[in-house]
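User: I would like to go through some of the labels attached to this structure and ask what stands behind each of them.

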Amino acid sequence: MVAFGLWLYVVTDVSPGHEQTFKNLPVSLENESTLMDRNLMLLAGQDSQVSVRLYGNRSDLNELNASNITVSVDLNGITEPGEYEREYKISLPSSITSVSISERITPTVKLEVVEYAEKEVPVKLIFRGQLQEGLLVGEERASMSATSVTVAGPKSQVDEIEFAGLEIDRTGLTSTLTGDFRYTLMNRTGKPVDASNVKTNVGSITLTLPVEHIKEIPLVVKMVAGGGADPNENAEVKVEPATITISGSEEALSKYDEWVLTTVNLGEVDIGTPYSQEVEIKLPENITNQSNIPTAKVEVGLKGLNTRTVTLTKDNIHVRNIPEGMVPTVFTQQLDVVFRGTAAELQKLTPENVVAWVDMAGYEAGTQTLPLSFELENADKVGVYGKCSVTVGIAPAPAEPPTEP
């Protein structure tokens with residue numbers, strides 16, 4: 001019985017000369033970094049598996065499995081692109097000393113090596129579908145978490161990639177679009193390329209794309225009556241361009257039915273020489289000038305007006321709001337004043353119905369050159385053209401002599 005037991009142990013456990021097949025053993029690749037140093041990369045063979053038949057004691061073979069049998073291939077000798085068949089090396093645990101290779105069922109490991117390339121490509125928006133009328137996609141103000149993508153892989157595939165396209169369907173868009181989007185690597189004509197072996201440094205891209213309303217508004221000039229000129233009756237205004245197209249949110253656009261370029265005082269516009277100015281179109285930050293015209297030319301001319309010069313003397317000039325205890329003196333003896341208005345209104349004008357006055361409120365002792373203000377009687381549509389001023393002195397009133405008791 002002891003002999004039978006020993007025999008059974010030897011046959012079933014020790015059993016020298018036994019063979020065992022190990023299938024689908026994963027292959028590890030050594031010195032793969034040397035390929036990158038040579039601008040090469042492994043296109044096929046990374047996930048290779050082999051099957052082998054090993055010979056040795058049954059007890060040793062029973063200790064082996066896919067986790068402690070190491071199969072490796074050294075890539076150090078590969079210096080050019082191509083297809084290769086490489087012999088592999090099998091390493092066993094140090095405790096296994098009596099096992100050898102009986103048969104390489106998988107004779108070699110097949111590899112494919114290609115040229116490696118890496119480059120940076122821009123991210124572009126690709127629009128599909130039709131946007132609703134009256135809306136505008138603010139592409140120039142789009143915000144993206146990445147404006148470029150680094151692509152790396154087989155040179156033949158990388159060379160074909162021109163940009164990373166974010167496809168946006170405009171159908172049904174009515175407000176700002178925000179979200180994470182996957183991009184597609186595309187060639188020069190905008191068609192997707194085979195990028196199955198290409199790696200990128202960016203996954204999805206967060207995009208905020210403004211969707212705005214658009215509106216056409218006129219450019220206008222605000223006019224202030226002056227010098228006998230009435231904005232409605234005497235002013236001729238020309239603005240070039242007459243309108244611009246703006247965009248923004250519906251709420252922002254609702255505040256603007258026109259845009260005032262500038263304010264012109266008609267009292268400063270000459271009859272013979274029209275007012276002309278190039279005015280910058282300064283819109284609020286939440287409004288975009290889609291016409292892309294930075295300035296507008298403004299011309300303001302006058303019609304239906306004549307001028308008449310009236311000579312005023314010192315007696316026609318009055319002083320108002322004299323500080324207490326002070327005495328004013330008007331030094332200007334005579335002043336020619338140009339009045340402007342219709343011919344009929346100017347005929348009514350005489351020095352007697354012109355009241356010119358100076359406001360002395362707040363002035364201290366001394367001599368001042370002060371502007372004149374005017375009041376006209378029976379000439380409502382006449383005004384002063386130009387600026388008029390007179391020289392006035394102000395001094396303390398002389399002390400009154402004491403009265404005798």
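Analyst: Two strands pair if DSSP finds at least two bridges between them, where helices (H or I, at least four residues) and strands (E, at least two) are DSSP runs, numbered from the N terminus. The model is predicted, so local features need pLDDT of at least 70 and side-chain atom pairs count only at pLDDT 80 or more, whereas totals for chains, interfaces and linings use all residues. Residues are numbered from 1 along each chain as its sequence is written, and side-chain values use heavy atoms, with hydrogens and water left out.

User: What makes S18 and S21 edge strands?

Analyst: Three strands form an open, antiparallel sheet in the order S18-S23-S21, and strand S18 (235-240) and strand S21 (275-280) each pair on one side only.

User: How do you know that S18 and S23 pair?

Analyst: Six bridges join S18 to strand S23 (residues 295-302), and the definition asks for at least two, so the two strands count as paired; Lys238, for instance, has Glu299 in S23 as its bridge partner.

User: Why is Gln157 called buried?

Analyst: Its relative accessible area is 11%, and buried means under 20%, with exposed over 50% and partly exposed in between (1.4 Å probe, protein chains only), so Gln157 qualifies as buried. Gln157 lies in helix H4 (residues 155-158) and, leaving aside its neighbours within four places in sequence, is in contact (heavy atoms within 4.5 Å) with residues including Asp194 and Val198.
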